[in-house]
Amino acid sequence: MILTFLSRRTLLKAAGALTLTFAIPLDAQGAELNGSLAQFPRLSAWLRIEADGTVMLMIGKVELGQGIVTAVRQICADELDVDLNRVTVISGDTAVTPDEGVTAGSMSMPQCGRAVRQAAAEARWILVNIAAERLAAPVEALSVRDGVVRGPESEIAYQDLVTGSELQQEATGTRPYKQREAYRYIGRSVEPLHLRAKVMGQPVFVQDLRADGLLHGRVVRPPTYDAALIAVDAAPVRAMPGILQIVRDGSFLGLIAEREEQAIAAAEALSVLAEWSTTANSLPHQADVFDWLRAQTFKTTTAFERTRSDDARVVQTLRATYRRPYQMHASIGPSAAVALMTESGNLTVDTHSQSVFWTAESIAKMLRMDPARVRLRHVHGAGCYGHNLADDAAADAALLARAVIGRTVRLQYSRADEHRWEPYGSAMIVETEADLDRDGNVLDWRIDVHSTPHNTRPMREAGYLLPARYLSDPFPIPEPRNIPAPGFGSERNAIVLYEFPGHRVRNHFTTAMPLRVSALRGLGAYANVFATESFVDEVAHAVGADPVAYRLRLMSDERARDVIRTCAEAFGWEEFQRRPGHGRGIGFARYKNLECYTCVAIEVAVNDRGDIRVIRVVAANDSGEIVHPGSIEQQIEGGIVQSLSWSLREEVAFDSEKILTAGWSDYPILRFSEIPPVEVVQINRPGQPFLGTGEGSQGPTVAALANAVFDATRRRLRQLPFTPERVRGG
Amino acid sequence: MVTFTLNGTSVTAEADGDTPLLYMLANDFRQFGPKYGCGAAECGSCMVLIGDSALPSCVITLSSVENEDVTTLAGLTEEGGMPGRLQRAFLAEQAAQCGYCLSGIIISAEALLRENPNPTETEVREGLDRNLCRCGAHNSMVRAVLRAAGEV
């Protein structure tokens, strides 16, 4: 369901919206270049009109399954006034597309969507003005339909207006956008660009790439993070059928074979033959991981502070501590890459990396190559949900390709490789405190986040790449840094939008990484929204207030209020009948306090054994102007389902030496019959900037779940995952 | 040498008999539907139809499909390469996000519908319990299967 808000007070169903005329001001024409267009203002970096009338759109953001390529294609087609099927997209090719950094952080719509919209509008203005000259007609007398400019007496197609250099000028930031009423594609759920090929079984994924003469590579990883390769007698493996090369460089060990099953068999044999150094206990005990974390040396920063100026008396202080374990991306498709090093010394890697430019530079440094000779091309992978092993697969493939110059090598990780070596979402402790006055008002609100890093992406340094640490001349792992304001890393979404007289949020950051960690969807937001939205519920309960009413009392942000009210209403919050073992809960956040506004309400049933059954989930979401409603619904619903799985089931297992979690039976995720019905109500705000949506629902979901379980059982869950034992109070 | 029927055509494979079928399909027969997910029959990504049953090709050996009828995702298309009923339904519902699990799920659903042409929603969910989806597209896929069932 989509609700279109044309003003703060008017609420309309989408079907009737177009009958209203409403003066929404055109986006500010202040000569400002939006998103990535500011870094790459030359229009020809983004758009090319081909001789056959097709439009080539070149973007740096890549498709992860979140729908970004489809959405920007719609935006381009609308602003440029061409049919959707004229637009082809190249994304994430270091030789061709603008460097938009990493596709992450729900920044693709803000950075790429807004850039494409403006670039296409600017290009259309240029083309129409050239046409005006050619058709000897004033611009006002011209219209465009599917790439053809029509004048009073004649018409001319875009491809006949360009000789090649017309778009080689910089965007001005002053050209008008298309009127919303004329949109043909924005606001509609057009068929996602690659869906048909995937449904028909055509090759789309990097894992699907095949060619005659393709070789198959495998890497043998150490048994633990710290092990070093002492010796390996590879002769028996060299003698196995189809084995072309054993590749050893220090503790990096890999092989190349003619056939895939030969590579797999050889990798197993090599792994048995390899002798690794023993390691001291280098991991904390899983059972004590939160004590371990609390005892680390932290760098403390203040993310937000407001000091209250009144002298109201504190009558009561509530405190709670929330804990989140290491959790994993657990992509369905283990990472892979295909690499070719030519005789002339050029390396090309087909990869599902989210950060082809950064990773290309990291790989070039690892191989001590001229970066101009390293080309990475993005190809679809399985959903990654953050920094998984995609970049390491590209690096491993490059190392293997270097050993068989002129031959293309396909490198594929096993399920065990993926589970055991991927960088996890960090364990976190969030401490909350609220000082209340005698009327139950919060006077001071204090949040303290404790975490290991949330970002070790290959940011142009070799040491971030997994194999680079194991080479005979290894690259050190760069010291990890937290992501700064405004998005933050571990303290992301630790600053709530509720208004308190006194409000302090601090981040306690340790660089210790006994378990490999990096960005997992939402970064700190999942744990921080779990903590803060559970705690606001705890305070509401302590003062006898309804959770929805209490939030609205403290929230003046209008869009936040709309989303909370819409969610509660769609859920039937007021009408809900509580029964023993049944309850409802709500959770809200604005992702990063910058992107989409999301509120989630959940109904649960909890039995005596502590099993939580999620009966239904209702969400309301505001992502600004909607481009593809289906994709927004999928990201919100997908985030809800993933968050339920994390929250009910997931925790990485390890002992004092190594990661134990190696497959799906060790790390169960929710299955079809465990997924509840999910309803997503979308609020459309035409004229508002596009807001990132991919990570909006995970934090609100876990909080709503915890709050619902409390409502049903009066048991407050503060440690994830919510196992039956924890629910029972064991 | 193992002979079997692949998507309606008789084919012969030359490789060790204990080669997992998945690698033959992907590498030798360029079938891009079935995908490696775990190699341990725990995720469903590699499922193919053997006869009318959905089975994980990662643990089925080449020799065991001698004379069998193997169908992959590409084999579900209809006359003239048009999408089959489940493919049409998944397109109509846009029932996928990354789409990596899609082949295994459509194969699993095809097996389900061949055995139970009119499943309830619960039966569809239970029928797909051997398939994992990490993006959370489950509900749209259930709608797609019910839509395909309703097409008859």
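Figure 1. At 0% relative accessibility, Ala330(A) counts as buried, where buried means under 20% relative accessible area, exposed over 50% and partly exposed in between, with a 1.4 Å probe and protein chains only. Ala330(A) lies in the loop between β15 (316–324) and β16 (336–341) of chain A; helices (H or I, at least four residues) and strands (E, at least two) are DSSP runs, numbered from the N terminus. The phi of Ala330(A) is near 55°, a positive value in a residue other than glycine. Most residues other than glycine have a negative phi, and most peptide bonds are trans. This is a predicted model, in which local features need pLDDT of at least 70 and side-chain atom pairs count only at pLDDT 80 or more, while totals for chains, interfaces and linings use all residues. Residues are numbered from 1 along each chain as its sequence is written, chains are lettered from A and ligands numbered from 1 in the order in which they are written, and side-chain values use heavy atoms, with hydrogens and water left out.

**Figure 2. Surroundings of Gly425(A).** Gly425(A) is located in the loop between α10 (415–421) and β20 (428–436) of chain A. With a relative accessible area of 0%, Gly425(A) is buried. Leaving aside neighbours within four places in sequence, its contacts (heavy atoms within 4.5 Å) include Arg324(A), Pro325(A), Tyr326(A) and Gln327(A), as well as Ser518(A) and Leu520(A). Gly425(A) and Leu523(A) are 98 residues apart in sequence, yet 7.1 Å apart in space, C-alpha to C-alpha.

**Figure 3. Ser45(B) and its contacts.** Ser45(B) occupies the loop between α1 (21–28) and β3 (47–50) of chain B. It is buried, with a relative accessible area of 0%. Apart from neighbours within four places in sequence, Ser45(B) is in contact with Ile332(A) of chain A, and with Pro34(B), Lys35(B), Gly37(B), Tyr100(B) and Gly104(B) of chain B.

**Figure 4. Cysteines of chain B without a disulfide.** A search of the whole structure finds 0 disulfides over all chains, a disulfide being a pair of cysteine sulfur atoms within 2.5 Å. For Cys43(B), the nearest cysteine sulfur is that of Cys38(B), 3.8 Å away. Cys43(B) is buried at 2% relative accessibility. For Cys46(B), the nearest cysteine sulfur is that of Cys58(B), at 3.6 Å; Cys46(B) is buried too, with a relative accessible area of 4%.

**Figure 5. Helix α2 of chain B and its cover.** In helix α2 (residues 85–93), the buried residues are Leu86(B), Gln87(B), Ala89(B), Phe90(B) and Leu91(B). Their cover includes α4 (195–199) of chain A, together with α3 (102–115) and α5 (138–150) of chain B. Just after α2(B), Gln94(B) takes a positive phi of about 50°.
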